[in-house]
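Me: I've got a model open and want to talk through some side-chain contacts. Can we start with the charged ones?

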Amino acid sequence: MTEKSNRQLPVLPLRGVLIFPYMVIHLDVGRSKSIHAIEEAMIQDKQIFLATQKEAETDEPSEDDIYKIGSIAEIKQMLKLPGGTIRVLVEGLQRAKAIKITAADPYFKAEVEEYEEELSEKSIEVEALMRSVNFQFEQYVKLSKKIPAETVIAVVTLDDPGRLADVIASHLTLKIFDKQQILEAIGIKDRLEKLYSILTRELEILELERKISSRVRKQMEKTQKEYYLREQLKAIQKELGEKDERAAEVDELREKIAEAKLPEEVEQKAQKEVDRLEKMPPMVAEASVVRNYLDWLLALPWQEYTEDRLDINLAEDILDEDHYGLKKAKERILEFLAVRQLAKKIKGPILCLIGPPGVGKTSLAKSIARALERKFVRISLGGVRDEAEVRGHRRTYVGAMPGRIIQGIRNAGSNNPVFLLDEIDKMSTDFRGDPSAALLEVLDPEQNSTFSDHFIEVPFDLSNVMFVTTANVIYNIPRPLLDRMEVIRISGYTEEEKVAIAERYLLPKQKREHGLNDEMLQVSDNTLLQIVRLYTREAGVRNLEREIAGICRKSAKEIVNNADKKVRVTVQNLHNYLGIPRYRYGTTEKDNEVGVATGLAWTEVGGEILQIEVSLLAGKGKLLLTGKLGEVMKESAQAGFSYIRSKAKELNIEDDFHEKYDIHIHVPEGAIPKDGPSAGITMATALASALSKKKIRKDVAMTGEITLRGRVLPVGGVKEKVLAAHRAGSKIIILPRENEKDLEDIPANIKRKLEFILAEHMDEVLEKALVED
């Protein structure tokens, strides 16, 4: 390029268009400044400087809003149009640069520096660039189909590289910024390289557009073909008098709805969904959601129910046949049957069976269903942490399903099953919601007649369902939920009950499962008692069943090795089958002792006896407590100590013993944590014995809380404690007077063998427990 002297020219700012040299184009001009600039150019030499605005939306551009480099053009024609606009035909002459704007009113005027193309011989590199650009432009025209083929012929014949670049750039559909880059490329080689780069990018975009268009067109052709074939199929079916698949499906659904005898609200909802399905195109994803929803609505037992077996005697026989003991739970079921006979329509009870593992809570629920001749459904709530598990997901979610309650009702096939919610105390909560809150509606007799599942969206009546829940502990169940349930506590089995269960149920069951009969294997009651005492420590009977299974396996092996052998398991040879005993059970002292009292404790696996020992050491009245005792138990020891000090004179104890002796209270089995106030009178008795040197009767066991005034307060777990005392060989049991009511729970055969002392004050305890030499 060579530079000429600068010129003063009017400036026409262009919006959304850019003029290259050799380009002829019509422009419509409407802005006042632009019209004045054209009029000025017409007066002068018809030449005007055309520069493009950076932003087309700007109506009143300033100097900074206009690109510096543009084209000097000659106005060929000018035509005034109605409305005050002017149409001009301009031809680009050459590149130029606005050095500075010399005037801005009434039109832009600029000092313009002209650039002229250098006429030099083409180098090999420029020739190669020209060929590449020509080839790329031909490919662009083929793919875009917006440029006539004649244009390609005209462009290919151009020999001037600068003009070639400008003409091609003027025909491309590019952004103004890209065109301005080419216009600002003053050097020919630089201009060709930029144009080649832009053409390559545009070709890639056009190729992608072509592929997308081809794919869409094929899909449309396929859809149109399917539609055409379906229409043909409909016409053929109409001629043959047959229904198409969609119409047949809709008619079948309407028939099912009519036959199902749905509640009015449910029927209206189902008909509405069928109408929606009928209007949907066959392949729409929503159609499968509607079908699934209708299947669920029609599968639910809205009107189906089973007749209850109301024969109380037969129901009682079935319950006794399946389970030994559990009187309170069985009594509650029989009460329900009695009321059911008198009142035909009652709400289903909601029972909560709370007890340690292995006592038969889950199997009792099955037995209830068998006794009532109802269907049985069980769901485990252990680890459930999502509210949708109970109430279901809304249909907007992919793969949505009803909750576990509605699923269970569908599986049962009746609307009045016995529904077991197992492990209700093991539920947890997270960000997805609280399932226990969702269960409030399910387990409330006042609300569950209109239970609403998120998926079903219409109320379902759960009031006829008998809900039975199970839990190991009560404190993990949320209070509002617990308030809606009738709690039945199932305590651990006594030794006698375990032996009876083993004899009636577990041993025959294991013999059947191991292919044995009564002649092949015999196990005595005393042997079963030894298994319970020395090989298991549990409230239920699961481990007991495992031990019996172990005996059956070893017996089966002996019988296979010696076909004629009959196995008899006795107390003497029990260790050959189960190994050495795993546990020990407490026994009473052999002789009357000073400072050793027998206390009673409650554990989850039954009652235990505690030998509480007191020793006096020379010292200054320090009270030392050992045996891994909890805070409450330590405080009970302090209360007992204070009571003994207050009664020192009456008990013939030295007044200053607390200044002369340190007192050490120890509860054996030190690795096991112990807590609670029920050992209060036992520790006080042991203290009184040690300080007064009086012995304690070996056959006396006791339990009760002590106050500073010596009152004996009631405690819990009386049944289990008394059974432990009986097992250990105690003959006299000292209990708080207020626990007299708990003696009803103790089996009559055990009660007859024991003497019960009901004490209100510590004096009564000491009078019975301490003996004179």
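This is a predicted model: local features need pLDDT of at least 70, side-chain atom pairs count only at pLDDT 80 or more; totals for chains, interfaces and linings use all residues.

Me: OK, back to Lys511. Which residue forms a salt bridge with it?
Reply: Asp518 does, with the closest N and O atoms 3.0 Å apart. A salt bridge here is a side-chain nitrogen of Lys or Arg within 4 Å of a carboxyl oxygen of Asp or Glu. Asp518 is exposed, with a relative accessible area of 57%.

Me: How many salt bridges does the structure hold?
Reply: It holds 41 salt bridges. One of them joins the side chains of Arg87 and Asp28, at 2.8 Å from N to O. Arg87 lies in strand E6 and Asp28 in strand E3 (residues 24-29), so the pair ties together parts that are 59 residues apart in sequence. Strands are DSSP runs of E with at least two residues, and helices are runs of H or I with at least four, numbered from the N terminus.

Me: Which strands pair with E7?
Reply: Strand E2 (residues 7-14) pairs with E7 in the antiparallel sense over four bridges, and strand E6 (residues 86-103) does so, also antiparallel, over six bridges. Two strands pair if DSSP finds at least two bridges between them. E6 and E7 form a hairpin with five residues between them.

Me: Why is E7 largely enclosed by the rest of the structure?
Reply: Six of the eight residues of E7 (residues 109-116) are buried, so the strand is largely enclosed.

Me: Switching to rings: how many aromatic pairs are there?
Reply: There are four aromatic pairs. Among them are Phe641 and Phe657, whose centres are 6.1 Å apart with planes at 85°, so the pair is edge-to-face. Rings of Phe, Tyr and Trp (its six-membered ring) pair if their centres lie within 6.5 Å; planes under 30 degrees apart count as stacked, over 60 as edge-to-face and the rest as tilted.

Me: Are those two buried or exposed?
Reply: Both Phe641 and Phe657 are buried.

Conventions. Residues are numbered from 1 along each chain as its sequence is written. Side-chain values use heavy atoms; hydrogens and water are left out. Buried means under 20% relative accessible area, exposed over 50%, partly exposed in between (1.4 Å probe, protein chains only).
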